[in-house]
Amino acid sequence: MLTQQAWDLFGTTRPGWARVQAICNFVHNHLTFGYKFGRPTKTAVHAMSEATGVCRDFAHLAIALCRAMNIPARYASGYLGDIGAPPSGPGDFCAWFEVYLEDRWFTFDARYNTPRIGRVLMVRGRDAADGAMVTSFGSYTLESLRVWTDELPDDVTEAAVLAQLEHLPEAPALTLAMAGSS
């Protein structure tokens with residue numbers, strides 16, 4: 001289903017970077033982001049037809065469209081803070097994708113669709129099932145999560161880094177209630 005749509009949408013786009021960016025632009029503009037739209041059974045086809053999703057769905061749809069166009073693509077996720085971007089509150093885990101162009105892998109992010117710095121890569125795989133950040137058995141409840149990133153100058157000393165690590169930032173934790181309220 002997505003193969004024909006991909007060729008109809010992007011078949012006349014110049015191959016390479018321009019085609020991947022066109023796919024990224026399409027997914028960014030086609031999907032509406034919201035935590036309430038995420039579910040573990042959602043596929044790229046669902047994301048395309050429902051036009052909603054979480055960052056994982058943005059990545060899955062972009063990957064599926066790239067692969068339909070014979071562009072090698074893989075899933076990546078980790079933590080994305082707000083370094084170089086306006087502060088947006090508690091940080092969160094994020095999914096993006098990578099494509100192989102020319103002779104190396106490049107990062108693209110259809111959710112934000114703008115270059116970002118400070119990504120902390122945790123996993124890569126064919127899709128989110130390959131790249132689970134946590135695999136648990138039995139019941140559990142995530143009550144709180146705190147992750148933060150700070151941009152450091154190139155000439156920072158080890159002593160300065162260690163001193164900075166001694167002080168936790170004054171930021172609220174990302175809680176289940178907050179994650180479900182966007």
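Trainee: How are α1 and α2 oriented to each other, roughly parallel or roughly perpendicular?

Mentor: In this predicted model, local features need pLDDT of at least 70, side-chain atom pairs count only at pLDDT 80 or more, and totals for chains, interfaces and linings use all residues. Residues are numbered from 1 along each chain as its sequence is written, and side-chain values use heavy atoms, without hydrogens and water. The axes of helix α1 (residues 2-10) and helix α2 (residues 17-30) come within 11 Å and cross at roughly 110°. Since angles of 65 to 115 degrees count as such, α1 and α2 are therefore roughly perpendicular.

Trainee: Which residues of α2 make the contact with α1?

Mentor: Contact means heavy atoms within 4.5 Å. From α1, Trp-7, Leu-9 and Phe-10 take part. Their partners in α2 are Arg-19, Ala-22, Ile-23 and Phe-26.

Trainee: Why do the buried residues of α1 lie on the same side?

Mentor: Leu-2, Ala-6 and Phe-10 of α1 are buried, that is, under 20% relative accessible area with a 1.4 Å probe, protein chains only. An α-helix has 3.6 residues a turn, so residues three or four places apart point the same way.

Trainee: Which side chains make a polar contact with the side chain of Glu-98?

Mentor: Glu-98 lies in strand β4 (residues 92-101) and is buried, at 4% relative accessible area. A polar contact is a pair of N or O atoms within 3.5 Å, one able to donate a hydrogen and the other to accept it within protein; residues adjacent in sequence count only if both atoms are side-chain atoms. The partners are Arg-74, at 2.6 Å, and Arg-124, at 2.8 Å.

Note on methods:
Helices (H or I, at least four residues) and strands (E, at least two) are DSSP runs, numbered from the N terminus. Buried means under 20% relative accessible area, exposed over 50%, partly exposed in between (1.4 Å probe, protein chains only). Axes are lines fitted to C-alpha atoms, for helices over the stretch in contact, and angles run from 0 to 180 degrees between N-to-C directions. Angles under 35 degrees count as roughly parallel, over 145 as roughly antiparallel, 65 to 115 as roughly perpendicular and the rest as oblique.
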